[in-house]
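My notes follow in the order I took them.

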Amino acid sequence: MDRSNEAQATVGKLWEEHLAAAFPAALRGAEPAGVDMVMLDANIAGCVLTWQKTGGDLDADRQRILRSRLSDLDRLLPLLVETNEIHYCQRLHRLAVLTSEHGPVPTD
């Protein structure tokens, strides 16, 4: 399995886990490090869905959004103390990294 297909499989698995996970109640309306957690989640989710639908292709705006949201996650992750919040945000971080680093899957 090449890196692109491996990324697609990993993102698919992480995305299923993310959809099955409840948004941490304490993060609703919260803004640790000045980051609106609901918008962070929605922004990354939108980029991941687009990445999946386009075979790994993201436009410049979505790439910019992911870079910005990764920066936000890097600032706020050290502030989280609840295990469920940490796991939720670490998964978001991994999804954002994978989708920002892997381009379109070749269609041979």
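**Helix packing and salt bridges**

I began with the contact of α2 with α3. From α2, Met 37, Met 39, Leu 40, Asn 43, Ile 44, Cys 47 and Thr 50 take part; they meet Arg 62, Ile 65, Leu 66, Arg 69, Asp 72, Leu 73 and Leu 76 of α3. I sorted these residues by class and got nine nonpolar, two polar and three charged. I keep in mind that this is a predicted model.

Next I looked up the geometry of this pair. Helix α3 covers residues 60-76, and its axis lies 10 Å from that of α2, at an angle of about 140 degrees. Angles over 145 degrees would count as roughly antiparallel. The pair α2 and α3 is therefore oblique. I noted the crossing of α2 and α3 as left-handed.

**α2 against α4**

Helix α2 spans residues 37-53 and helix α4 residues 83-101. Their axes are 10 Å apart and the packing angle is about 40 degrees. This crossing, too, I recorded as left-handed.

I listed the residues in contact. Met 37, Leu 40, Asp 41, Ile 44, Val 48 and Trp 51 come from α2. Their partners in α4 are Tyr 88, Cys 89, Leu 92, Leu 95, Ala 96, Leu 98 and Thr 99. By class I have eleven nonpolar residues, one polar and one charged.

**α3 against α4**

The crossing of α3 and α4 is left-handed. On the α3 side I found Gln 63, Leu 66, Leu 70, Leu 73, Asp 74 and Leu 76. On the α4 side I found Cys 89, Leu 92, His 93, Ala 96, Val 97, Thr 99 and Ser 100. The classes here are eight nonpolar, four polar and one charged.

**His 18**

Is His 18 buried or exposed? I find a relative accessible area of 5%, so His 18 is buried. His 18 sits in helix α1, residues 3-20. I then asked which residues His 18 touches, leaving out those up to four places away in sequence. The answer is Asp 41, Tyr 88, Arg 91, Leu 92 and Leu 95. Among these, Asp 41 belongs to the α2 side of the α2 and α4 contact, and Tyr 88, Leu 92 and Leu 95 to the α4 side.

**Ala 20**

At 67% relative accessibility, Ala 20 counts as exposed. I took one distance from here: the C-alpha atoms of Ala 20 and Gly 56 are separated by 22 Å. Along the chain these two are 36 residues apart.

**Salt bridges**

How many salt bridges are there? I count four.

I looked up Lys 13 and Glu 17. Their side chains meet in a salt bridge, 2.8 Å from N to O. Lys 13 and Glu 17 are four residues apart in helix α1, so about one helical turn separates them. Lys 13 is exposed at 54% relative accessible area. Glu 17 is partly exposed at 33%.

I went on to Asp 59 and Arg 62. This salt bridge is 2.4 Å, N to O. Asp 59 is partly exposed, with a relative accessible area of 36%. Arg 62 is partly exposed as well, at 30%.

**Arg 69 and Asp 72**

The salt bridge of Asp 72 with Arg 69 has its closest N and O atoms 2.7 Å apart. Both residues lie in helix α3, three residues apart, about one turn of the helix. I read 10% relative accessibility for Asp 72 and 12% for Arg 69. Buried means under 20%. Asp 72 is therefore buried, and so is Arg 69. Arg 75 joins in: Arg 69, Asp 72 and Arg 75 are linked in a network of salt bridges.

Last, I asked what Arg 69 touches beyond residues up to four places away in sequence. I found Val 35, Asp 36, Met 39, Leu 40, Asn 43 and Ile 44. Met 39, Leu 40, Asn 43 and Ile 44 are already in my list for the α2 side of the α2 and α3 contact.

Note on methods: Residues are numbered from 1 along each chain as its sequence is written. This is a predicted model: local features need pLDDT of at least 70, side-chain atom pairs count only at pLDDT 80 or more; totals for chains, interfaces and linings use all residues. Side-chain values use heavy atoms; hydrogens and water are left out. Axes are lines fitted to C-alpha atoms, for helices over the stretch in contact, and angles run from 0 to 180 degrees between N-to-C directions. Helices (H or I, at least four residues) and strands (E, at least two) are DSSP runs, numbered from the N terminus. A crossing is left-handed if the near helix is turned anticlockwise from the far one by less than a right angle, and right-handed if clockwise. Contact means heavy atoms within 4.5 Å. Ala, Val, Leu, Ile, Met, Phe, Trp, Tyr, Cys and Pro count as nonpolar, Asp, Glu, Lys and Arg as charged, and the others, Gly among them, as polar. Buried means under 20% relative accessible area, exposed over 50%, partly exposed in between (1.4 Å probe, protein chains only). Angles under 35 degrees count as roughly parallel, over 145 as roughly antiparallel, 65 to 115 as roughly perpendicular and the rest as oblique.
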